[in-house]
Amino acid sequence: MPSPPVDLRSDTVTRPGPEMRRAMAAAEVGDDVLGEDPTVQRLEAEVAERLGHEAALFVPSGTMGNLLALLSWCRPGDEVVVGEGAHSYTSESGGGAALAGVQFTVAGRGGFFSPAELAARITTEEPHGHTAPTGLVMVENTHNRGGGKVMSPADFAALSEVCSARDLPLHIDGARLWNAAMASGLDPSAWSTLADSVTVCLSKGLGAPAGSVLCGDAAFIKHAHRRRKMLGGGMRQAGILAAAGLYALANHLPDLALDHARAARLAQAVSLLPGIEIDLATVQTNIVIFTVTDRSPAEYCAAVAPQVRVLPFGPRQVRAVLHRDVDDAQVDRAIGAFTRLAEV
Ligand SMILES: *Cc1c(COP(=O)(O)O)cnc(C)c1O
């Protein structure tokens, strides 16, 4: 029997292990729509505290967390400044436009932007009503399409200053803020306390089966809470899911360092192969994006699929994501598959 392919499509493919499942089975639960689930309340309090925010809201997905931020900060017709390739813009089904009525505008190149690039994208109302005024600035950290790269707290602080000076709210799409923190040797609060709201995912590298947490001040979370219900995101005995998140926060954070080391090893190995170009400087966390030069990304992914599953991720790019269900031996197998393909 050949081994199943190494699955590097995303860090969302992780499955809860026996201990996480035991924590889920043992969770104390109640009806969270009625405000009676103690485990959800514990998770919300813990994430709010870790991120240095007043309040938090457990949501089914990162997509819903980001959408709630758009719905809560913006009015229909507002414009939202994002980096190039922002998940909220490219990968959340157009929900910002369809459900929050906002339009996105891109600042900078490659996912991040400077204070000057941000300032150039800020729009204010003008007397005749032509413009779509900026309602929110959103920073994705780490940046998925940017190869998992990290925006430093200093660079983020400079953006935060521009937002404060212009009285604009600042949201972090922190699906992988845990990875940014691990790579920098800092707490996630190094960024989150400089923002008005932040979404973090429990179902990516942390390995929970579902769930994200949106944080902000109490008034913001009250607003988002009503809109979560409106979107159908009110969950009843959700403590079973929240318990997985609490378990992951207590036990899985240090393992992100292993994912980062494996991503660096994989990136280094593929950088030596003919037919592949990679900017090793972008490989700072658990994501490896490389350019294939002698076949299309779809052909490349299909060719390696029996040994390793990766995704086409742009006109010439392929993405591999390291996660807790991939060990060193599997990384070796993936490198072997990429190497054999480069030799044919
Ligand atoms: C995964 C992800 C999200 C949220 O995705 P869901 O699948 O809805 O939980 C948001 N932003 C980024 C950058 C992501 O990678």
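His252 touches Met20, Leu206, Tyr247 and Arg324, leaving aside residues up to four places away in sequence; contact here means heavy atoms within 4.5 Å. With Arg324 there is also a polar contact between the two side chains, at 3.2 Å. Such a contact is a pair of N or O atoms within 3.5 Å; within protein, one must be able to donate a hydrogen and the other to accept it, and residues adjacent in sequence count only if both atoms are side-chain atoms. His252 sits in the loop between α11 and α12, and it counts as buried because its relative accessibility is 9%. Buried means under 20% relative accessible area, exposed over 50%, and partly exposed in between (1.4 Å probe, protein chains only).

The model is predicted, so to speak of local features takes pLDDT of at least 70 and side-chain atom pairs count only at pLDDT 80 or more, while totals for chains, interfaces and linings use all residues. Residues are numbered from 1 along each chain as its sequence is written, and side-chain values use heavy atoms, with hydrogens and water left out.

Helix α8 spans residues 177-184, with Leu177, Trp178, Asn179, Ala180 and Ala181 buried. Helices (H or I, at least four residues) and strands (E, at least two) are DSSP runs, numbered from the N terminus. The cover over the buried residues of α8 includes α2 (38-51), β6 (170-174), α9 (189-192), β7 (197-201), α11 (239-251) and α12 (256-271). After α8 comes Gly185, with a positive phi near 65 degrees.

Then there is the ligand. Around it are Ser61, Gly62, Thr63, Asn66, His87, Glu92, Glu140, Asn144, Asp173, Ala175, Arg176 and Lys204, a residue being near a molecule if one of its heavy atoms lies within 4 Å of it. A polar side-chain atom of Thr63 is 2.5 Å from an oxygen atom of the ligand. For Gly62, a polar backbone atom lies 2.8 Å from a ligand oxygen, and for Lys204 an N or O atom of the side chain lies 2.8 Å from a ligand oxygen.

Of its 21 lining residues, Arg145, Gly146, Gly147, Ile289 and Gln317 are the closest to its centre. A pocket is an open set of points on a 1 Å grid over the protein atoms alone where a 1.4 Å probe fits, with protein on both sides within 12 Å along at least five of seven lines; lining residues have an atom within 4 Å of a point.
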